[in-house]
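Take a look at the sequence and the model below, and then we'll walk through a few spots together.

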Amino acid sequence: MSTLLEAFRLVMQTDVLLAILLASIYGLVVGSLPGLSATMATALLVPVTFYLSPIAAVATIIAASAMAIFSGDIPGALLRIPGTPASAAYTDEAYAMTRKGQPEMALGICVWFSALGGIAGTLSLIVLAPPLAEMALNFSTYEYFWLAFLGLMCATMVARSSPVKAIASMLLGLLVACIGIENPAGTPRFTFGITDLLGGIEVIPALVGVFAVSEVMRAMLTAEPPKLPYRRFGSILKGQIALTKKYVAPQVRGNIVGIIIGVLPGAGADMAAWVSYSMSKRFSKEPKKFGTGHPEGLIEAGASNNASLASGWVPSLLFGIPGDTITAIAIGVLYMKGLNPGPTLFTERASSMYALYIIFIIANIIMIPLGIAMIRVAALVLRAPRASVMPVIVLLCAVGAFATGNNLFAVITVAAFGVIGYVMERNGYPVAAMVLGIVMGTMVEQSFVTSLIKSDGSILPFFSRPVAAVLASMTIAALLWPLGVWTWRLLRRPTAYIVRNEKP
Amino acid sequence: MQLSDRVTGLFMVALGGLAAYGGSRLPPVPGQQIGPNVFPLVVGIGLAVCGGMIAFGIGRRYEEEAEADLAKITSQIATDTVAEDHSHNWWRGLRALVPPALLLFYVLAVDRIGFLPTAAALVLTTSLALGARLRLAVPLAIGAPLLVNLVFSKLLRVPLPSGLLPMPWLGLP
């Protein structure tokens with residue numbers, strides 16, 4: 001109880017509350033602009049978090065990401081252009097509702113069920129984390145190795161791309177993590193005599209490059225999205241309670257699917273929305289209505305992507321394995337703020353953990369009034385031409401990366417990873433898998449090499465401990481899964497490969 | 001930068017091979033079998049294998065499914081882009097390189113000519129490359145650097161170089 005009070009005291013500071021409010025507004029604006037994703041919003045926030053207290057820093061990330069995921073629905077519903085990738089799955093459905101003359105209903109569903117989903121995700125974090133932490137206290141390097149490996153495999157399994165390319169991206173990330181002297185022997189590795197590379201590739205500039213610069217590069221080649229006509233909205237929340245009562249099952253299902261996908265490393269809000277939307281269609285009593293402005297799928301997917309956001313913090317806080325790309329950035333901030341992820345975080349810094357839960361709940365509650373305000377001014381915000389937003393983002397990339405270490409080499413890293421991210425995305429290599437490789441590389445190598453040294457080079461102990469054996473079999477199953485599915489499909493439909501279409 | 005799977009796959013093979021080779025030549029830790037060489041070796045070999053599979057088109061089908069899903073939603077935007085692409089293809093392709101090139105320019109220039117002029121040039125170029133008129137680009141190029149300077153230099157105390165334009169009247173160093 002005293003820890004809970006202490007947690008409230010931590011959150012109820014002026015700087016924390018102000019940080020939540022400002023980050024929320026920032027998240028709403030960035031999320032609603034097409035082409036700027038929630039991950040990018042978070043990445044650009046990091047340099048600012050350096051100068052805040054630990055709780056305020058984490059609060060900005062939580063608030064900004066939650067708001068951005070919701071506000072990506074606004075241009076989706078009004079313009080049929082998803083503001084963030086997480087809204088892409090149900091953009092058509094929401095836009096169909098707008099065309100039927102119910103934009104209030106569509107946006108109301110988005111804000112109301114996003115908030116409820118976010119709270120459900122937070123509850124899962126509260127319930128799941130402590131018992132898992134208890135278990136994780138007994139883990140040795142073998143378990144950590146398998147856990148990290150499993151995390152990497154999950155990221156490749158759920159990527160919306162060819163699994164082979166996803167694995168290649170992930171390995172590329174691991175290779176990037178090899179650079180520097182942070183290896184078992186402290187020898188400079190792949191530094192090519194460049195002093196700046198001795199410390200390795202820094203994660204934050206690399207992420208800023210992959211998620212922000214490559215986005216601006218893409219904007220250079222695509223047409224400007226159309227302007228949003230100004231319209232007056234009626235009551236946004238009208239009828240939402242009735243919908244909540246009517247669609248209990250889809251909502252619960254959406255929350256649960258979102259939570260599960262959030263916990264899986266590397267799979268985030270966009271994946272949760274896709275899976276939930278198609279599940280909703282499959283289990284619905286009236287699947288024919290989907291795509292014509294039917295609220296059911298919107299409810300399920302809208303709840304799902306926000307639920308995944310909170311549960312993505314479970315593996316991040318417990319093991320330092322990011323649940324999605326947003327928490328990949330958050331982990332960097334946690335380390336910097338002395339809140340090193342790990343099971344001991346829950347025993348030694350319990351009040352900080354409670355504070356984190358409270359922030360999540362606050363963020364999801366104020367999402368409703370702030371979200372409604374945002375919907376009403378969306379026409380104004382979306383009027384900002386891209387040519388005025390993108391230059392500022394490039395400038396913030398440069399200054400933000402420099403601020404991470406007062407080192408201009410970070411800006412070169414940003415530029416390089418911008419190009420890498422852009423080329424990979426264009427060629428179907430999922431960047432999220434690479435990011436996960438970069439973030440987890442050191443951890444994977446450390447647990448791998450330490451385990452091998454402990455076992456004197458023998459592989460047997462990797463499988464002999466019970467938990468390690470379970471994790472190992474899961475990992476191997478994940479590794480063989482795409483291969484199995486591929487052979488099965490090849491046997492079943494041998495012609496499918498011949499009639500495939502080449503990319504334009 | 002749309003390349004065929006064969007090209008990117010073979011690039012991965014080459015990169016993986018080089019990493020494995022480079023890793024294997026790292027000095028071992030005396031008295032131990034496992035050193036800094038093991039991990040790059042494993043990762044490099046894995047990358048080379050994946051690259052080979054990509055080059056042979058394994059797993060291509062999954063991508064097509066995902067693309068079909070996405071194409072349904074972005075079809076309207078995509079057709080606009082393709083239509084414009086045909087008009088001046090190579091020039092548009094190069095425009096994507098403007099942001100990273102500007103970041104490199106920032107690295108080279110910021111210590112010599114200072115933050116404000118460098119940032120102004122960066123903002124102006126990006127804005128014009130995105131098709132802004134001068135009426136928008138010039139005020140933006142003046143305003144945005146000043147604002148960023150205010151936030152980062154004054155509030156967050158990031159040492160941004162002042163260079164040619166020391167502005168004591170703005171409280172800048």
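Which residue forms a salt bridge with A:Glu143?

## A link within chain A

The partner is A:Arg465, with the closest N and O atoms 2.8 Å apart. A salt bridge here is a side-chain nitrogen of Lys or Arg within 4 Å of a carboxyl oxygen of Asp or Glu. This pair ties together distant parts of the chain, 322 residues apart: A:Glu143 sits in helix 8 (residues 141-158) of chain A, and A:Arg465 in the loop between helix 22 (461-464) and helix 23 of chain A. Over all chains, the search turns up 9 salt bridges.

## Before going on

This is a predicted model, where local features need pLDDT of at least 70 and side-chain atom pairs count only at pLDDT 80 or more, while totals for chains, interfaces and linings use all residues; side-chain values use heavy atoms, leaving out hydrogens and water. Residues are numbered from 1 along each chain as its sequence is written, with chains lettered from A and ligands numbered from 1 in the order in which they are written.

Helices (H or I, at least four residues) and strands (E, at least two) are DSSP runs, numbered from the N terminus.

## Where the chains meet

Chain A and chain B bury about 7,400 Å² between them, 75% of it on carbon and sulfur atoms. Buried area is the accessible area (1.4 Å probe) that two parts lose on being put together, summed over both. Chain A brings 86 residues to the contact and chain B brings 83 (contact means heavy atoms within 4.5 Å).

Across this interface there is 1 salt bridge. It joins the side chains of A:Lys165 and B:Asp5, at 2.7 Å from N to O. Several helices of chain A give two or more residues to the side touching chain B, including helix 3 (38-49) and helix 9 (163-178). Helix 19 of chain A gives the most, with 14 residues.

## Two helices in chain B

Helix 6 (residues 115-129) and helix 7 (residues 134-155) of chain B pack at about 140°, their axes 8 Å apart. Axes are lines fitted to C-alpha atoms, for helices over the stretch in contact, and angles run from 0 to 180 degrees between N-to-C directions.
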